[in-house]
Amino acid sequence: MLQRLQRKMRVGRSVHSVRRAVEANQEGMDYLMAGHIFPSASKPGLPPFGVESLRRLVQACSLPVIAIGGIGPANVNQIRQTGAEGVAVISAVAHHPSPEEAAKEMKRRWVDEAQ
């Protein structure tokens, strides 16, 4: 079934460990969502995965990795430096008085770091 789906769409998996990332890679996923990287209101009481763990995950797996969890303009560059392909955010944009401006600022910081 996975092969049939991949012809039509990209298939990813949320992972919270290097071991799970390697397994997802072997199972044919197209990309990974990794997190939560920083403390997050959506994961109260759970310890964050952390930037160094994200770096190890990115290095252990050939799939594109998207980081999620507690990411905002102040820490997006830390994610970029791990080799992750991108970020997914909710609160940093949804709770901002100007969501469009918040998204533009995060994108600007991501691109500036890459140059």
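**Starting inside the sheet**

Select Leu 32 to begin: it stands opposite Val 65 of β3. What you have open is a predicted model. Now widen the selection to both strands, and you will see β2 and β3 (residues 65-68) pairing in the parallel sense over four bridges.

Next, show the whole sheet. It is open and has four strands in the order β1-β2-β3-β4, with parallel pairing. At its edges are β1 (12-15) and β4 (86-88), each of which pairs on one side only. Neighbouring strands of this sheet are turned against each other by 30° on average, direction ignored.

Bring in α2 (residues 18-26), which lies across β1 and β2 and runs at about 165° to β1.

**Into the loop**

Move on to His 36, in the loop between β2 and α3. Select Gly 35 along with His 36 and look at the peptide bond from one to the other: it is cis, with omega near 10°.

Last stop: Ser 40, found in the loop between β2 (31-35) and α3 (51-60). Is Ser 40 buried or exposed? Its relative accessible area is 18%, so Ser 40 counts as buried, the cut-off being under 20%. Show its side chain together with that of Ser 42, and you will find a polar contact of 2.9 Å joining the two. Leaving aside residues up to four places away in sequence, Ser 40 touches Gly 69 and Gly 70.

Technical notes. Residues are numbered from 1 along each chain as its sequence is written. This is a predicted model: local features need pLDDT of at least 70, side-chain atom pairs count only at pLDDT 80 or more; totals for chains, interfaces and linings use all residues. Side-chain values use heavy atoms; hydrogens and water are left out. Helices (H or I, at least four residues) and strands (E, at least two) are DSSP runs, numbered from the N terminus. Buried means under 20% relative accessible area, exposed over 50%, partly exposed in between (1.4 Å probe, protein chains only). A polar contact is a pair of N or O atoms within 3.5 Å; within protein, one must be able to donate a hydrogen and the other to accept it, and residues adjacent in sequence count only if both atoms are side-chain atoms. Contact means heavy atoms within 4.5 Å. Two strands pair if DSSP finds at least two bridges between them. Axes are lines fitted to C-alpha atoms, for helices over the stretch in contact, and angles run from 0 to 180 degrees between N-to-C directions.
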